[in-house]
Amino acid sequence: MDAALESEKTRLSPLTKVGAIPVSLTAMLPFVGYWLGGGAWHWLTIGLLFGVGPFLDLWLGEDNANVPPQLEREYERRLYYRLTLWLYLPVQVALVLFSYNLIINTEMALQAQIGLALSMAVGVGFGATLAHELCHHPSKLDRFIGVQIFSLCGMANFLVYHNYGHHNLVATPEDPGSARYGESFWKFTTRNISRKFVMSWQIEAQRLGRQGRGWLSPHNLMIWLTLNEVAWVAGLTWYFGPLALALFAVQYAAPRFLLSVGDYMEHYGLSRRKLPGGEYEPARAIHSWDDSYMLSNFLFTAVDRHADHHENSSRPFQILRVRQDAPRLPYGYLIMIFAAFVPAVWRRLVHPVLEAFYAKGEVVPHGLPGALPQRFAQGANIR
């Protein structure tokens, strides 16, 4: 079988060849900035990712290679990919300790402090895509590592909301992670962040209620996840002093912001059809936006191959497929993030693609009241 794998190398996505290593390398950029002399170099992460990154993503182009079906099982079993995911946690912890120490315990200009704090927060934030992957794995070890990564983002509740809320409610009006046609990112992100947190507690309360237990129970996973986050904050504050709280606030806000814009892009305007029995049809590729730009695929650990992820949530990142039956974003995530920030640009780029997809009649439009073009309003989910 190894010989067969070798012969198929040229047909593999570059991400399948290297695994999740690029995210750990991204998290190490603040170290590089320090070794280059600090000062303005502490902005290296921000400059490369958000200054150079979009142009590089466009230049590298799309990566539409899928692992051949007959080889998927072999790649799925390879321990190497899990190791590349695990590697990020020690890198993330080192990044946080290094940045806190440099900002709090050394003399730095304010501009350099801001650059390093933002670079650290972004490096921590990109780890959320790895944690997302780990929290989907059945292994308790993988989920534990994923929760620790999320805890340094202040997002440990993601395990509960995403696995047991979002994947059940995706592309429905009930899901706070599914944006509506005509809804700006700025309006979406407010309800997205707040309702996901509330829903995490509700999901656990409902689960415990079915077991005859109250929500205030040692069996409530949200309590343990919250205590785990508090332990990280308390430990950092004890060691570095009260300024650690301000730094944690930055690394708390940036990943949440990045995750929210990811949510916005992934299901915008798409809804599942309600069946006669009142339940929704199963999630399919047509209910998620896809993207296959190479650099975005590297940095977001294939989460941009989102259509296949929702139709096959147990499929690991290294064998996620580009789906031709899904709506496609015009550009990679590194560009579309900025488009989402400017509603007029987002509408100009995305609405023509979305309306052409609506015209196929396979997906139910999902929009704000009065936002959808009249020809798509009948039978749509409006809320």
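Predicted model: local features only at pLDDT ≥ 70, side-chain atom pairs only at ≥ 80, totals over all residues.
Let's start with Ser 200, which you will find in helix α12, the run of residues 185-210. Its relative accessibility is 0%, so Ser 200 counts as buried, the cut-off for that label being under 20%.

What does the side chain of Ser 200 have beside it? A polar atom of that side chain lies 2.9 Å from the backbone oxygen of Lys 196. Beyond the neighbours within four places in sequence, Ser 200 is in contact with Asn 157, Val 160, Tyr 161 and Met 222.

Val 32, Tyr 34, Trp 35, Leu 36 and Trp 41 together make a nonpolar surface patch of about 550 Å².

Val 32, one of the patch residues, sits in helix α4, which covers residues 29-35. With a relative accessible area of 30%, Val 32 is classed as partly exposed, because that class falls between the 20% and 50% limits.

## The largest nonpolar core

Back inside, the largest nonpolar core holds 96 residues. Helix α9 (residues 110-136) gives the largest share of this core, with 12 residues. The residues with the most contacts inside the core are Tyr 100, Phe 126, Leu 236, Tyr 264, Tyr 268, Phe 300 and Trp 346.

Trp 346 is a handy one to click on. Leaving out residues up to four places away in sequence, Trp 346 touches Tyr 264, Met 265, Tyr 268, Leu 329, Met 336, Ala 339, Ala 340 and His 351.

Terms used. Residues numbered from 1 in each chain as written. Heavy atoms only, no water. Helix = DSSP H or I, 4+ residues; strand = E, 2+ residues; numbered from the N terminus. Buried < 20%, exposed > 50% of the residue type's maximum accessible area, 1.4 Å probe, protein only. Polar contact = N/O pair within 3.5 Å; in protein donor to acceptor, adjacent residues only side chain to side chain. Contact = heavy atoms within 4.5 Å. Patch = residues over 30% accessible without salt bridge, like charges linked within 9 Å, V, L, I, M, F, W, Y side chains within 5 Å. Areas by Shrake-Rupley, 256 points an atom, 1.4 Å probe, with all protein chains shown as cover. Salt bridge = Lys/Arg side-chain N within 4 Å of Asp/Glu carboxyl O. Core = buried A, V, L, I, M, F, W, Y, C linked by side-chain atoms within 4.5 Å.
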